[in-house]
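Grab the model and work through the exercises below. Try each task before you read its solution.

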Amino acid sequence: MTLTEQQLEVISNRPFNDTLDHIREKLRDCNEVDNLRQEDIASLLGALVASPAAFSFPSTDGNGSVAVRLLSILKHIRGGGGKPELFLPLVRRVIARAPDIDIWEAVFTIIESLDALTPPSSIAPTFKGTPVKPSSSRLGDSETRDVVEGELFFEIRDCTFRNVGGFWDKFFDSKRWRNDQRAMLRALMTAHDGTRWTDFPNPSHEQPVWEWLRTLERDYLVDARQKLYTTKTANQFEERKGQMDLFFQQATNKDDKTFRYKDVLVVGEQKKSHETGRFKADLLQLTRHVRSVFADQPTRRFVHAFTLCASIMELWVFDRSGPYSSGPFDIHKEPDKFARGLVGYATMDGDAIGSDTFIERKGVSRYITLDDANGGESTIQLTNPMVRQKAVVCRGTTCFMTRSKHVAKFSWASDKRELEFKQLKLAEERGVKGVAKAVAHRRITTIADLRKGLVFADRHRFRNDAVLLDESSSATASSNSSNQKRKSSSDVASDETSEPKRRRSNRIKSSRVQTVSQQLTKKRKPSLYSAGDDLWDNRIYVCLVVSPAGRVISDFGSIKELLEAMRDAIRAHQSLYVRGNILHRDISSNNIIITKPEMADGYKGMLIDLDLAKVADTGPSGARHRTGTMQFMAVEVLRQADHTYRHDLESFFYVLLWMCARESWSKPRLSREGHPPKSSLLRKWEIGSFQDIADAKEGHMTVNSLDRITKEFPEAFDVVKPLCLRIRSILFGDTARLHFGTPVGEPCKIYQPIIAAFNEALDKIS
């Protein structure tokens, strides 16, 4: 087939580089159709979805991008469909390292062939489909491994460090060990003959190496508190998040060992050979498992991990500002490092291993001591977990209900911003209504404290992955997970994912990259695009208890409850801005809660999460990350405008549309057993570059397009459609040309009509 000029330009600007390297080894024996398995095809499709160009090609059917189309094909393959011979030309070109143009020609030929058929329903993207974007925080199960690892790369690409100075002294200094640890180390070193570790398998296939490690453990680490386990046997993890090669956890006496990520203390990845070109793929596998550990141990401070590829080992630590390592070493040539690592992992206490030692456990109960609002101390009992975040480089927001019916929120906040506790106290002092109140707080630690004594040089630059800042780069996803388990979507994309960057073309000369980069850094940009000069983010880990507790807006039980909560949350925003002179800047479905009016100053909906708020009319905070949640972010903010109150009101409107078009279908009583559309226009608010999403939203705010969006509402929500049209008119005007700017003058000119529109809609429902 003949590629268009637009397609050729995308291929030139967004090359594969090493994206497909890790898949070629898996495909090397698949040159014939009889050898081509469905899981091989699925892995290749997953790698293509995660490639830089996939989101930039528009889909041939006009519904999203080629990445979305490839995902639907991937789902079809996973379900047992698809003819292997259709994919054989593509597989052969990938194995042969054909030019990017040839590979994409094969991809488009497959899509064209499938589009010519009548696709079964299993091919079409589902309404509840998970967006595939950097930091989307989806569970990394085996079925989506390639896609998830592609996303994870955007999370760690600019905050990974190797050969960190002081690493061994900080984490594996045997001089500071207990006597029993030093005794284990001495005993273990006797298994090295001065040249190599005796009995180390040659060749170093995975199973023999595992058996060798177990022998070392049995002979020299028998009394260690942590034991080494593997899933190379029949034992598996309880959760379907992919199986881990090696890991340490406390010893278990269970006969049928079904492992759980909440018990894992150290993550390991083992390979039979060491290949320089596989570093990135191996690190991403390791990161995927680390993310699962953080997800199931959400208050963990950091996670130890390691790779062992043949005899080359590298020790890692992952915290909320990214991964860093000891640097690689040969275990035969530097046996003391291997021995210190093995003994250290097996004997570390909770503090050294990164556990949440600040939480006290008594039986099954958990307690934390905080500073209360009156200057004293309060011991808070934590009960049910409400929110957790499935990502690594993020705020790691975790919320629990407390015994006193408050909410305890743990979060790694930027040290460049005012802490949320101060913002809430300021709002209370200024008489703000409808915003959660701070009850107690505690500053637990900082990334700077965790990394004290370490020396960081330049960030690791992944092979063939020089990058420069570009406002049209791929956007990060905003959610904790797109399945509205999305309990902390704002945490991932709002403040704490590194600014995405575009891969440069191999044809661009380094001098030109430097020139463009320098030009970009000279321009003042809002915090959405600021990259910052610090090597890594110094985050502050805090626990904040707020009152009252409530339900996130997506848990609405009726249309009336939804509209009342939305209206009162807008009233709260007006009070915060007009009376408190504080701009929220992160209006999302997770930051609006449904409350009981008798416990919330008469409000049926309130605003929470002032992590990203700032006093109005002040300069940039200096934080290097953006503010907002992607699918609810205002058009102008996506296009680099400074944030205003009107942008927050636009975000409220997007939340309302999202609730009606997407969340409503999960409520049988309201959807009346109807069926959601197979694909949603709102999906374009999640996938693509900042510019892509801004363009999609701008197009959707015309009357005709908004009418198409409201057609995605369940029939019961017809009563909300006039309200949506009215708010659209207030925000964007009634002329053909949409108005996105913030009007000069009294802000009540916008607040009051919107609140009145909600009241009119509620009158009709009542």
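Helices (H or I, at least four residues) and strands (E, at least two) are DSSP runs, numbered from the N terminus. Residues are numbered from 1 along each chain as its sequence is written. Keep in mind that this is a predicted model, where local features need pLDDT of at least 70, side-chain atom pairs count only at pLDDT 80 or more, and totals for chains, interfaces and linings use all residues, while side-chain values use heavy atoms, with hydrogens and water left out.

**Exercise 1.** Find where Asp 601 sits and say whether it is buried or exposed, or in between.

*Solution.* Start with the location: Asp 601 belongs to the loop between S19 and S20. Next, check the backbone: phi is positive at about 55°, although Asp 601 is not a glycine. Finally, look at the relative accessible area, which is 43%, so Asp 601 is partly exposed (buried is under 20%, exposed over 50%, partly exposed in between, with a 1.4 Å probe and protein chains only).

Now try Ala 310 in the same way: this residue, in the loop between strand S4 (303–309) and strand S5 (312–319), has a positive phi near 60°. With 17% relative accessibility, Ala 310 counts as buried.

**Exercise 2.** Work out the strand order of the open sheet of 3 strands, and which strands stand at its edges.

*Solution.* Two strands pair if DSSP finds at least two bridges between them. The order comes out as S17-S19-S20, with antiparallel pairing. S17 (551–552) and S20 (605–607) each have a single partner strand, so one side of each lacks a neighbour in the sheet. Zoom in on S19 (residues 592–594), joined to S20 by 3 bridges; Ile 593 stands opposite Met 606 there.

**Exercise 3.** Describe how helix H3 and helix H5 pack.

*Solution.* Two packed helices are described by the angle between their axes and the distance between the axes. Axes are lines fitted to C-alpha atoms, for helices over the stretch in contact (heavy atoms within 4.5 Å), and angles run from 0 to 180 degrees between N-to-C directions. For H3 (residues 38–49) and H5 (residues 84–95), the angle is about 60° and the axes are 11 Å apart. That makes the pair oblique, given that under 35 degrees is roughly parallel, over 145 roughly antiparallel, 65 to 115 roughly perpendicular and the rest oblique. For the residues involved, Ile 41, Leu 44, Leu 45 and Leu 48 in H3 meet Pro 84, Phe 87, Leu 90, Val 91 and Val 94 in H5.
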